[in-house]
Amino acid sequence: MTGEVLGAPEAMARAVSLAARGPAWGPNPRVGCVITAPTGEVLVEGWHRGAGTAHAEAHALATAAEAGVDVAGATAYVTLEPCTHTGRTGPCADALTVAGIGRVIYAVEDPNPQAAGGGEVLRGRGIEAEFVPDAAARALNSRWLRAMELGRPYVIAKWAQTLDGRTAAADGTSFWITGEEARAHTHGTRAEVDAILVGTGTVRADDPSLSARPPHVADPHQPLRVVMGMGDTSGARVWRDGNAVAIRTHDPREVLDMLWRRDVRTLVVEGGSVVTSAFFRSGLVDEVHAYIAPALLGAGTTVVSDLGIHTMTDVLRGSDVTTTQLGADTLVTAAFTKG
Ligand code: AOF
Ligand code: ZN
């Protein structure tokens with residue numbers, strides 16, 4: 001809060017919590033900025049509200065200008081290295097320089113080659129700019145950062161399964177394997193990502209709407225809905241409004257290239273088995289969200305089919321595992337590619 005006196009770690013923690021106000025989806029990271037006087041007194045704050053709007057530093061500086069607050073010689077704590085480029089908005093390194101900021105502490109280096117280098121630019125101008133790595137600042141944008149490093153969307157493979165690894169019964173029915181809490185949780189994830197993808201087989205079998213319907217959230221963000229494959233899906237529910245796209249290829253890499261060009265940074269792959277297997281076979285699943293119901297089917301569709309693994313030494317094993325109990329069901333998350 002303005003007027004509060006904060007030490008350096010607290011000021012950065014505050015900047016991280018401001019950053020978290022921004023949207024998790026979209027082509028830009030979430031960034032926060034706190035500007036303090038040399039005494040540690042908070043002068044102004046800012047955060048980025050998403051692509052096309054002011055960056056966190058620009059927001060804080062505009063607030064200062066409006067309120068007539070002098071930031072000359074002040075310290076700016078920013079969760080991401082200030083940018084150097086003119087993209088949808090102007091370079092923050094220049095804005096900080098013009099405002100007379102004396103010191104800049106940033107918590108994550110910008111992996112975007114177009115924007116990176118703000119620290120160097122500021123130091124070249126005699127401004128004290130220091131990179132002080134911060135785990136919370138990195139965690140807030142972990143998927144975006146990984147996507148930028150990989151140059152492709154970050155991929156989460158999500159499914160609901162029985163204890164024996166089935167995602168549908170032998171007759172194709174799959175409503176509902178998991179309970180209400182688990183389903184509500186998946187809607188929360190959908191509302192935080194840029195796109196959801198299924199295969200044409202799933203559209204034909206389930207006719208899903210693929211919308212985000214998190215409980216108690218008015219007007220949630222709706223991800224782009226993507227249908228991959230060659231099957232005929234005309235008349236399906238997914239096409240009933242404009243926010244859906246068909247990609248007529250079987251190749252996950254091509255799909256990711258096309259989605260990257262459409263500013264997709266985080267994608268949830270929601271099956272079915274053919275599509276999920278194709279992403280695993282291509283090494284393109286970064287994270288798994290498996291919702292496991294205490295149920296058995298004994299027959300029916302499996303989560304994935306042949307992945308070309310014939311011996312234990314080739315097993316695909318996740319790391320960074322988390323488990324969350326959701327009513328009777330358990331969500332297991334795991335990382336499958338490592339940064
Ligand atoms: C900052 N502060 O608050 C953010 C930054 O298209 P633009 O102009 O919005 O630029 C987007 C890029 O700028 C984005 O990919 C990332 O590298 C950086 N984001 N930088 O200094 C901010 N959001
Ligand atoms: Zn910027």
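This is a predicted model: local features need pLDDT of at least 70, side-chain atom pairs count only at pLDDT 80 or more; totals for chains, interfaces and linings use all residues.

Reader: Why is histidine 55 called buried?

Author: Histidine 55 has 28 other C-beta atoms within 10 Å. A residue is buried if 20 or more lie within that distance, so histidine 55 is buried. Histidine 55 sits in the loop between strand E2 (42-47) and helix H2 (56-67).

Reader: What makes cysteine 92 buried?

Author: The threshold is again 20 or more other C-beta atoms within 10 Å. Cysteine 92 has 31 of them, and therefore counts as buried. Cysteine 92 belongs to helix H3 (residues 92-98).

Reader: Which residues is histidine 55 in contact with, leaving aside neighbours within four places in sequence?

Author: They are Val31, His48, Cys83, Thr89 and Cys92. To be in contact, two residues need C-beta atoms within 7 Å.

Reader: Which residues are closest to ligand 1?

Author: The closest are Val31, His55, Gly87, Asn112 and Ala115, out of 18 residues that surround ligand 1. By class, this shell has nine nonpolar, six polar and three charged residues.

Reader: Where else does UniProt place the feature "binding site"?

Author: The unreviewed entry places it at Ala160, Trp176, Thr202, Gly272, Ser273, Val274, Val275, Thr276, Ser277 and Ala278. These positions are spread over 119 residues of sequence and are also spread in space, up to 24.6 Å between C-alpha atoms.

Reader: Why does alanine 160 count as buried?

Author: Alanine 160 has 26 C-beta neighbours inside 10 Å. The definition asks for 20 or more, so alanine 160 counts as buried. Alanine 160 lies in strand E6, and its contacts beyond four places in sequence are Thr167, Ile177, Thr178, Ala182, Tyr291 and Ala293.

Reader: What makes glycine 272 buried?

Author: Glycine 272 has 26 C-beta neighbours inside 10 Å, and so counts as buried. Glycine 272 is placed in the loop between E11 and H10. Not counting residues up to four places away in sequence, glycine 272 touches Thr167, Gly199, Gly201, Thr202 and Thr301.

Reader: Which residues of H10 are buried?

Author: Val275, Thr276, Ser277, Ala278, Phe279 and Phe280 are buried in H10. The buried residues of H10 pack against E6, E8, E9, H9 and E11. Just after H10, glycine 283 takes a positive phi of about 70°.

Reader: What makes a set of residues a nonpolar core?

Author: The largest nonpolar core has 47 residues, and Val155, Leu267 and Phe279 have the most contacts inside it. E6 gives the largest share of this core, six residues. Among the residues that phenylalanine 279 touches, beyond four places in sequence, are Val155, Ala157 and Val269. A second, separate core of 43 residues includes Met12, Val16, Cys33 and Leu61.

How values were computed. Residues are numbered from 1 along each chain as its sequence is written. Chains are lettered from A and ligands numbered from 1 in the order in which they are written. A nonpolar core is a set of buried Ala, Val, Leu, Ile, Met, Phe, Trp, Tyr and Cys residues joined through C-beta atoms within 7 Å. A residue is buried if 20 or more other C-beta atoms lie within 10 Å of its own, exposed if 12 or fewer, and partly exposed in between; C-beta atoms are placed from the backbone. Helices (H or I, at least four residues) and strands (E, at least two) are DSSP runs, numbered from the N terminus. A residue is near a molecule or strand if its C-beta atom, placed from the backbone, lies within 6 Å of it. Ala, Val, Leu, Ile, Met, Phe, Trp, Tyr, Cys and Pro count as nonpolar, Asp, Glu, Lys and Arg as charged, and the others, Gly among them, as polar. UniProt positions are given in the numbering used here, feature names are shortened, and annotations may be inferred rather than shown by experiment.
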